Amino acid sequence: AGPFYVGLPGNPAATAAGLRFFVAPLLRAVQGLPPEAPEYAVLVNDYVKGDMPLRFFMRATLGKDARGVCTVEIPQKQQSFMVSPFARSNAWAVIPENVTRMSAGDLVEVCQ
């Protein structure tokens with residue numbers, strides 16, 4: 001297959017997202033491992049992405065509600081240069097290209 005070269009952005013959160021969603025899958029494929037199976041959690045807050053037709057990888061916080069259901073909270077403001085939301089998160093939420101708004105109770109793809 002030959003060597004792979006990966007360029008990552010300089011902002012800490014953008015670099016972490018690049019590693020998690022582009023480099024890690026590449027390394028899995030090179031090792032002959034299958035792609036990760038998606039996992040989902042119930043959104044506890046509304047989230048507005050806007051009308052940009054891009055897939056967003058947002059920092060998020062996973063938890064469990066009183067019934068043991070896996071939940072996720074996505075902070076609304078989290079520019080890539082902001083380290084504090086990144087430090088407080090324990091997961092990633094994947095917002096698809098065709099979604100502009102998510103409501104509490106929606107299922108969201110998550111990964112750690």
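Me: What makes H1 a helix that lies across E3, E5 and E7, and at what angle does H1 run to E5?
Reply: In this predicted model, helix H1 lies across strands E3, E5 and E7, and H1 runs at about 75° to E5, which covers residues 91-95. Contact here means heavy atoms within 4.5 Å.

Me: What makes the strands E1, E4, E3, E5 and E7 a barrel?
Reply: These 5 strands close into a barrel in the order E1-E4-E3-E5-E7, with mixed pairing. Neighbouring strands of this sheet are turned by 55° against each other on average, when direction is ignored.

Me: How do you know that E1 and E4 pair, and in which sense?
Reply: Two strands pair if at least two bridges are found between them. E1 and E4, the latter made of residues 70-73, have 2 bridges and pair in the parallel sense. Within this part of the structure, Val42 stands opposite Thr71 in E4.

Me: How do you know which residues line the largest pocket, and which of them lie nearest its centre?
Reply: A lining residue has an atom within 4 Å of a point of the pocket. The largest pocket, with about 490 Å³ of space, is lined by 23 residues, and Arg20, Phe21, Glu36, Glu109 and Cys111 lie nearest its centre. H1, E1, E3 and E7 each supply at least two residues of this lining, with the largest share, 6 residues, coming from H1.

Me: How do the residues of this lining divide into nonpolar, polar and charged?
Reply: The lining of the largest pocket divides into 16 nonpolar, 1 polar and 6 charged residues. Cys counts as nonpolar, whereas Arg and Glu count as charged.

Me: What is the volume of the second largest pocket, and which element supplies the largest share of its lining?
Reply: The second largest pocket has a volume of about 250 Å³, and of the 17 residues that line it, Ala14, Ala17, Phe57, Arg59 and Ser80 are the closest to its centre. The largest share of this lining, 5 residues, comes from H1, and the lining residues divide into 11 nonpolar, 4 polar and 2 charged.

How values were computed: Residues numbered from 1 in each chain as written. Predicted model: local features only at pLDDT ≥ 70, side-chain atom pairs only at ≥ 80, totals over all residues. Heavy atoms only, no water. 1 Å grid on protein atoms, 1.4 Å probe; cavity = no way out; pocket = protein on both sides within 12 Å on 5 of 7 lines; lining within 4 Å. Points joined across faces, edges and corners; volume = space filled by probe spheres on them. Helix = DSSP H or I, 4+ residues; strand = E, 2+ residues; numbered from the N terminus. Axes fitted to C-alpha atoms, helices over the stretch in contact; angles between N-to-C directions.
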